[in-house]
Structures are given as C-alpha cells and as structure tokens.
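User: Hi! I have a model open and would like to go through its geometry with you, one question at a time.

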Amino acid sequence: MKKVLLIATGGTIASGYTEKGLAPKIAAEDFLQYVEDYKAFCQVEILQPFSLDSTNIYAKHWLKLAGLIEEQYARYDGFVICHGTDTMAFTAAALSYLIQNSRKPVVITGSQKPINLPVTDARTNLLDSLRFASDDRAHGVNIVFGGNAIAGTRAKKERSKSYNAFSSINYPNVAALCDGKTVFYIDDRDRVVGPAVFYHKLNEKVLLLKLMPGMDGSVLQRLFPYYDAVVIEAFGVGGLPEYGQVPFYAEIRRWTDAGKIVMMATQVTHEGSDMEVYKVGRIIKEDFQLMEAYDMTLEATVTKVMWALGQAEGGELSGKPKGLGQSNSPQEPEDFEQWESVGGQEHSGGCGLAERFRRLFYKTVNHDMLLYTPGSDGE
C-alpha cells in the first residue's frame, strides 16, 4: 500500500465562514474523515506548514514547500498539497521548476467550496488526488481538479466559481479520474531516469506587465530600479507599440543594456506568441534578441523566469539530486557547463548571465514548452 504525505496550506478547501468572509480555519487533521475511501489504496500522514488564503502565497512559500518535500522525499511514495485555487497555477508551475525529474507524484489540489459543506467539490478532488498520488504511473508535479490531472506548467484557472475551474492550456490533460478509475492520456513515467533534483533559488524581482492601448515605455522607465526582469504581456502574437513620449524601444534598450531580462509573452490564452509575424514584433525581437514565451502559460513563464534567473545569477545550477536516501549522485551534473554537456550541447565556460538564462529558460520542463525550436532565437 502506498504511503502519501498530505500537506495542508489553507485555501477554500479548509475555509469556514467568519464575519469578514471565508478564511482558512479547518484543521488538516479533519480532512481525512470526509474521504475515508482512501484507506483502500493508501496510508496518509499529514503536515501543515502554514494556513493561508492562496492570495497570500508567493515565492517564499514555494521554496518552503519544495524544501519540505525534499526533506520527506525518501519516506513517502507520493505527495498531495491542499492549496487555495487563486494562485494554485503559480504554485504548480513554481514547484515544477523547483522539483524536477521526480518519479514520485507531487499533486496539488483544492476546491471551490469548503470540505465540510453538504454540497462541495472538495471531497471528490481530495480523494482523486490521493488516488492519483498512489498510482504507479503518476510522476512529477500535477494539479488534480474537477476530474482531470493537468501538468503543473500547463494549468490555468479559467472559472472563478465553477467546479471545473482549471484547464490545461496548449497541452492535453495528463489523465482523467472518474468513479475510482484513472485513465492516463500521457503515460511517460518511463522517460524519467536518474534521481529527482531539487532547486533552492528563485529571483522574485520579476515584473509582469500587461499592455493596454495607449501605454508607452514610461512604465518601464519608472519601474527600472526595482526589477531584474520583466515579462511583457503583448497583444496577439506579440509586439510593442511605436507611439508615446517614452518609446518602448528606448526602454527595452535601457533594460537589456543593463543586463536585465526582457521576456515577451501574449495576453491571448491559447496558441501562444510568434513575434516573427508582424513588423511591430519582428524588428524589436531581432534588434535586441528578445526571448518569447511561445505556447507557455503566463504562470509558467513568470515562475520559470524566477527560477532560471535564480540559477543563472550564480553561474551554476543549485539543484541537489535526491534519490532514496541519497544526497548526491554522480549521474547529475553540479555546474552549468556539465549540465549543458549532458543535455547534448557542449559549450565552453565564460557564458554570460543572459546566455545562461536563455539556455535554462528554453530547456523544456514538465511539458512547459512545445513551439520553441532550438536555433530560432539566435542560438
């Protein structure tokens, strides 16, 4: 029988009514009484590192969760994190980058209504998550919600109240769960070789800027001192306006000349960016060798920028391999040049931050990127 660690963090699933609205108040120990069917397929132990509305969860909590799983990794066959829905997609994406190459499943779930209500999606989601975390085919970071398992880098909350709140963006669902059965659409656990690798650095100084008609580069001018990277949500397939008293072109030059990262993305949910299509995108991409997110979700883009920048700033990967009782493994490279060589692309040292960042960002992790073609961004 599989042994699963249930990690409670608060969220709607644990909320109760107060005079000021819903707030986390149900103890994690009380969750299991609502899903007693789990006893047929797994043993569950519980930890509660914090209890928060997910609006209040950010990078320090992602690092804490990844660190907790790293500490407990050898003791359990799978992990289930109960989490609020509002920032769940960000947490799932962040954990996908902080916990890589895991043959053990890390499942994130929650609900649109508290678990103690007569009518709620919480009990189904939690039981499905425990079942998925106990399945021999499950691995890596996934969200289980509304009867679907979604890769952690592909999930987006698209409905604010409905039970089918999450969708898989530009990628199929990993699996479906119904009536106690799990049907895998993507069964690729055999491709995971070597130990899991845990990372311990994120750079939080990342700005997500959504363009609107009439906006010019003055916003980047004002925010320049406070951020090391900016992800720009452009219109359509990607581009920047040519109007305004402070041109975007001049501010992009200012950011890139200072060694800051400028990443282009799209406001459009499906099908991704392609800056080569229109003049407003092609010229600025070519002049500054700008990177773009292609078919990635915004949640994955932002958290991957945080992760890649955190690793690139040190000039090496800070990941620590983790096997069963292992703290190190000769199979896993410890520095950036070794990692590149293992990936099939040998490069000499002396690689600058921007180049290290580029290679880290364009490394596909947990199905996060399909449309990027190596060499298309000047490599």
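User: Where is the place of Gln289?

Analyst: Happy to start there! This is a predicted model, so local features are given at pLDDT of at least 70, side-chain atom pairs count only at pLDDT 80 or more, and totals for chains, interfaces and linings use all residues. Numbering starts from 1 along each chain as its sequence is written, and side-chain values use heavy atoms, with hydrogens and water left out. Helices (H or I, at least four residues) and strands (E, at least two) are DSSP runs numbered from the N terminus, and in those terms Gln289 sits in the loop between helix 6 and strand 18.

User: Phi of Gln289 is positive; what value is it near?

Analyst: Gln289 is a residue other than glycine with a positive phi. For accessibility, buried means under 20% relative accessible area, exposed over 50% and partly exposed in between, with a 1.4 Å probe and protein chains only. Gln289 counts as partly exposed at 41%. Its phi is near 50 degrees.

User: Is Glu271 buried or exposed?

Analyst: Glu271 lies in the loop between strand 17 (261-266) and helix 6. Its phi is positive too, near 85 degrees, in a residue other than glycine. With a relative accessibility of 67%, Glu271 counts as exposed.

User: How many helices and strands does the protein chain have, and what share of its residues count as buried?

Analyst: The protein chain has 9 helices and 19 strands. Contact means heavy atoms within 4.5 Å, and among contacts with a separation of 6 or more, 72% come from residues 24 or more positions apart. Of the 379 residues, the share that count as buried is 56%.

User: How are helix 5 and helix 6 oriented to each other?

Analyst: Axes are lines fitted to C-alpha atoms, for helices over the stretch in contact, and angles run from 0 to 180 degrees between N-to-C directions. Helix 5 (residues 248-257) and helix 6 (residues 279-288) pack at about 25 degrees, with axes 11 Å apart. Angles under 35 degrees count as roughly parallel, over 145 as roughly antiparallel, 65 to 115 as roughly perpendicular and the rest as oblique. The two helices are therefore roughly parallel.

User: Which residues make the contact, and what is the handedness of the crossing of helix 5 and helix 6?

Analyst: Helix 5 contributes Tyr249, Ile252, Arg253 and Thr256, while helix 6 contributes Ile284, Asp287 and Phe288. By class there are 4 nonpolar, 1 polar and 2 charged residues, where Ala, Val, Leu, Ile, Met, Phe, Trp, Tyr, Cys and Pro count as nonpolar, Asp, Glu, Lys and Arg as charged, and the others, Gly among them, as polar. A crossing is left-handed if the near helix is turned anticlockwise from the far one by less than a right angle, and right-handed if clockwise. The crossing here is right-handed.

User: At roughly what angle do the axes of helix 2 and helix 7 cross?

Analyst: Helix 2 passes helix 7 in a right-handed crossing. The contact brings Ala89, Phe90, Ala93, Ala94 and Tyr97 of helix 2 to Glu299, Ala300, Val302, Thr303, Lys304 and Trp307 of helix 7; by class that is 8 nonpolar, 1 polar and 2 charged residues. The axes of helix 2 (residues 88-98) and helix 7 (residues 298-312) come within 8 Å and cross at roughly 40 degrees.

User: How many salt bridges does the structure hold?

Analyst: A salt bridge is a side-chain nitrogen of Lys or Arg within 4 Å of a carboxyl oxygen of Asp or Glu. One of them joins Glu45 and Lys3, with closest N and O atoms 3.5 Å apart. The structure holds 14.

User: Asp86 forms a salt bridge with which residue?

Analyst: Asp86 is partly exposed, at 48% relative accessibility. The closest N and O atoms are 2.9 Å apart, and the partner is Lys157.

User: How many residues apart are Arg154 and Asp295, whose side chains meet in a salt bridge?

Analyst: Their N to O distance is 2.8 Å. Arg154 is buried at 0% relative accessibility, and Asp295 is buried at 2%. Arg154 lies in the loop between strand 9 (148-151) and strand 10, Asp295 in the loop between strand 18 (291-292) and helix 7, and the pair is 141 residues apart.
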